[in-house]
Amino acid sequence: MAGKRSHPDQQPHLRNILHDDLRRGDFGRTMRRDYTELKEVFLDDNRKTRLKEMKQPKRWLVTSWWLLKALFLKLKPARRLLLILAAVIMLMPNTVQYSGDRLRVSTETSSIAVAILLFILMLELKDKLLAHDELEAGRAVQTALMPEQTPEIPGWSAWLFTRTANEVGGDLVDLQALDATRFRVSLADVAGKGLKAALFTAKLQATLRALAPDVPTMGELAAKLNRIFYRDSLRNSFASLVCIELNTGDGMIRIVNAGHPPPLHVRGGAILETKKGDPAIGIVPEFSYSEHQVLLETGEVLLIYSDGLTEAKNEQGQFFGVQRLMDILPRLSNSDARNIGELLVQDVDRFVGEAKVYDDLSLVVLRRKS
């Protein structure tokens, strides 16, 4: 006799869910990480500094009070009133009785307070799920706009990678074929996080793709992009950018750098840092950006990266750093672009460990094959 099949829409049993939760064995570590993230979100820098000056018992009490106060202020007005009502009910006598001519009601006040708190929790969870669905839709759009991770560029091995710290990110990695022999690759990092940064990233990508075929030099491309971004963006919004053009017929790469970490040229065992950039896109209304060139011989590598790589932090608060990156690259440079990038990401992940990731990580690896 065939076994009974579960319906695909059938909800899992609560007992099984709790059993799986207990088997994970990471409850303590998860709670410590969540508590740390809670303080990061709800406490400003001034309060974090003041807490460091307090002794442990007082620090715990003050932290608890500040977190509860921040929670209360973040709630919507109606939910704040419900929370106050729940607190008042908790302070009432344990049992409330009502007697009418034919009706006698006795109830535990604690159960009413718990019901109100659960209702508030469900409302907050509902808001989170709705926001999560919208961000997931934004993430799907960003993924669809990403170029192929290992594009075919004659004479070159290429690997393009981006990974967001949250549902949507502010990093841009893009590839555009200008004609049969010329390709433009861009890596940008929009200031900020979340949906705001993601929207500006999409605008930046669309503007780059629209301008690139008709602008003869990389400097002019950056200058036009800067004017548009400054004109149409909110103040204090800007983006660092590296945009390069390569030709399949030789190893000459034309680079414009607008406020981004300088790309690294790996030549055998040597690491050469390319020229530092001009101001980031969107800071000043007008700027004449400069273009420079780098020649890659066969087997040499160019690495473009976002600061999410060098500023990745481990659980001790240490940065991955540029020097660590330079120490790693020479031993990877004999591989193809994909292998170089994947091994580099693995090194960063090992370094970060269980620490919270706060910034997007993006890489472009180019290796000249012939």
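A crossing of two helices is left-handed if the near helix is turned anticlockwise from the far one by less than a right angle, and right-handed if clockwise. The legends below describe a predicted model, in which local features need pLDDT of at least 70, side-chain atom pairs count only at pLDDT 80 or more, and totals for chains, interfaces and linings use all residues. Residues are numbered from 1 along each chain as its sequence is written, and side-chain values use heavy atoms, with hydrogens and water left out.

**View 1. Crossing of helices α7 and α8.** Helix α7 spans residues 194-211 and helix α8 spans residues 218-232; helices (H or I, at least four residues) and strands (E, at least two) are DSSP runs, numbered from the N terminus. The two axes come within 11 Å and cross at roughly 140°. Axes are lines fitted to C-alpha atoms, for helices over the stretch in contact, and angles run from 0 to 180 degrees between N-to-C directions. The helices α7 and α8 are therefore oblique to each other; angles under 35 degrees count as roughly parallel, over 145 as roughly antiparallel, 65 to 115 as roughly perpendicular and the rest as oblique. Their crossing is right-handed. On the α7 side, the contact (heavy atoms within 4.5 Å) is made by F200, K203, L204, T207, L208 and L211. On the α8 side, L221, K224, L225, I228, F229 and D232 take part. By class, this contact has eight nonpolar, one polar and three charged residues. Ala, Val, Leu, Ile, Met, Phe, Trp, Tyr, Cys and Pro count as nonpolar, Asp, Glu, Lys and Arg as charged, and the others, Gly among them, as polar.

**View 2. Span and buried residues of helix α7.** With 18 residues, α7 reaches 26 Å from its first C-alpha to its last, close to the 26 Å expected at 1.5 Å a residue. The expected span is 1.5 Å times one less than the number of residues in the helix. The buried residues of α7 are A197, A198, F200, T201, L204, Q205, T207, L208 and L211. Buried means under 20% relative accessible area, exposed over 50%, and partly exposed in between (1.4 Å probe, protein chains only).

**View 3. Helix α4 with helix α3.** The axes of α3 (residues 45-52) and α4 (residues 56-74) come within 10 Å and cross at roughly 160°. That angle makes α3 roughly antiparallel to α4. The crossing of α3 and α4 is right-handed. Residues R47, R50, L51 and K52 of α3 meet R59, V62, T63, W66 and K69 of α4. Three nonpolar, one polar and five charged residues form this contact.

**View 4. Helix α4 with helix α2.** Helix α2 (residues 27-42) packs against α4 at an angle of about 60°, with the axes 10 Å apart. This makes α2 oblique to α4. The crossing of α2 past α4 is left-handed. Here Y35, L38, K39 and F42 of α2 meet T63, L67, A70 and K74 of α4. The contact has five nonpolar, one polar and two charged residues.

View 5. L187 belongs to strand β5 (residues 182-190) and is buried, with a relative accessible area of 0%. Not counting residues up to four places away in sequence, L187 touches L172, V173, S240, L241, V242, H260, I304, Y305, S306, S362, L363 and V364. The C-alpha atoms of L187 and L172 are separated by 5.4 Å, although the two residues are 15 residues apart along the chain.

**View 6. Surroundings of G251 in a loop.** G251 lies in the loop between β6 (239-247) and β7 (252-258). This glycine, G251, is buried, with a relative accessible area of 1%. Residues up to four places away in sequence aside, G251 touches W156, V294, L295, L296 and R368.

**View 7. Two partly exposed residues, E124 and K313**. E124 is located in helix α6 (residues 109-145) and has a relative accessible area of 31%. Leaving aside neighbours within four places in sequence, E124 is in contact with L75 and R79. K313 is found in the loop between α9 (307-310) and α10 (322-332), with a relative accessible area of 36%. Leaving aside neighbours within four places in sequence, K313 is in contact with Q318, F319, F351, V352 and A355.
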